[in-house]
Amino acid sequence: MRELLDNSSQRMIQILEILLEHEGWTTFANLSSAVGASERTIAKDISLLKEQWVHHLNIDVSKKYGIRLQNQNIANIGKVFTDIFNNSVALHWIKELLFHPNNTIEFYENMLFVSRSTLIRLLPKINRYLSTKGMTIQCKNNMYHFLGEDEQYLRDFSASFLLELYGIDLAKFDLDIDLEVISELILSVLEKNIEPREFTWFSKDDISIIYQIMFYI
């Protein structure tokens with residue numbers, strides 16, 4: 001999904017990944033070379049990271065030594081990554097198309113609070129990404145919807161996409177259904193169709209169960 005983020009968001013994720021790999025200082029020159037952007041651009045991205053996620057990131061900046069990330073808490077970094085993904089109009093349009101297909105461009109304008117020109121501009125980029133997965137967004141009679149070569153693959157993509165966008169907290173989806181009932185249904189089917197040892201492992205793995213719930217939905 002990273003390919004659908006704007007350039008600044010992609011750079012910020014790259015910068016954090018590089019800082020996570022180094023316990024000490026990393027120079028602006030090294031970051032510039034690794035990310036493929038000027039040192040001035042790197043400095044702007046670092047300032048934005050410090051400003052927007054001051055409670056999650058402890059970034060030190062030194063003219064002499066460069067940059068370092070203190071208290072490399074994976075949970076905090078994950079929160080920053082999730083926030084960056086959730087700021088993407090392209091990703092949110094995909095989400096709306098998954099939950100509310102066959103609507104007009106005006107509908108998605110109102111849902112996403114963006115202009116029609118923004119959505120039209122993003123569509124080729126989104127379709128280039130989806131084409132690698134055997135899918136596309138099509139418009140017929142001004143109604144937009146997903147088209148996939150294989151329904152199961154489309155369901156698999158949808159489950160993975162939504163969990164990557166929102167994490168494993170299903171409460172964020174505001175679904176008016178009893179998720180425990182779905183979980184019991186999935187487990188009852190799996191218990192009859194997979195080996196007991198495999199089922200025991202699966203039934204104790206919360207992430208796998210949540211993934212299957214999203215696949216079912």
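Aspartate 178 caps the N-terminal end of H9, with a side-chain oxygen placed 3.0 Å from the backbone nitrogen of glutamate 180. Do keep in mind that this is a predicted model.

Which residues of H9 are buried? They are Ile182, Ser183, Ile186 and Leu187. Looking down the axis of H9, you will find these buried residues within an arc of 130°, so they line one face of the helix. The buried residues of H9 pack against helix H10 (196-203) and helix H11 (206-216). On the face turned away from the buried side sit the exposed residues Glu180, Glu184, Glu191 and Lys192.

Now to the aromatic rings. The model has seven aromatic pairs, and two of them are set out here:

| Pair | Distance between ring centres | Angle between planes | Arrangement |
|---|---|---|---|
| Phenylalanine 107 and tyrosine 108 | 5.2 Å | 85° | edge-to-face |
| Tyrosine 108 and tyrosine 144 | 6.5 Å | 90° | edge-to-face |

Tyrosine 108 lies in helix H6 (residues 105-112) and tyrosine 144 in strand S4 (residues 143-148), so their pair ties together parts that are 36 residues apart in sequence. Both tyrosine 108 and tyrosine 144 are buried, whereas phenylalanine 107 counts as partly exposed at 25% relative accessibility. Together with Trp93, the residues Phe107, Tyr108 and Tyr144 form one aromatic cluster.

Methods: Residues numbered from 1 in each chain as written. Predicted model: local features only at pLDDT ≥ 70, side-chain atom pairs only at ≥ 80, totals over all residues. Heavy atoms only, no water. Buried < 20%, exposed > 50% of the residue type's maximum accessible area, 1.4 Å probe, protein only. Helix = DSSP H or I, 4+ residues; strand = E, 2+ residues; numbered from the N terminus. Arc of directions from axis to C-beta. Contact = heavy atoms within 4.5 Å. Polar contact = N/O pair within 3.5 Å; in protein donor to acceptor, adjacent residues only side chain to side chain. Phe/Tyr/Trp six-rings, centres within 6.5 Å; stacked < 30°, edge-to-face > 60°.
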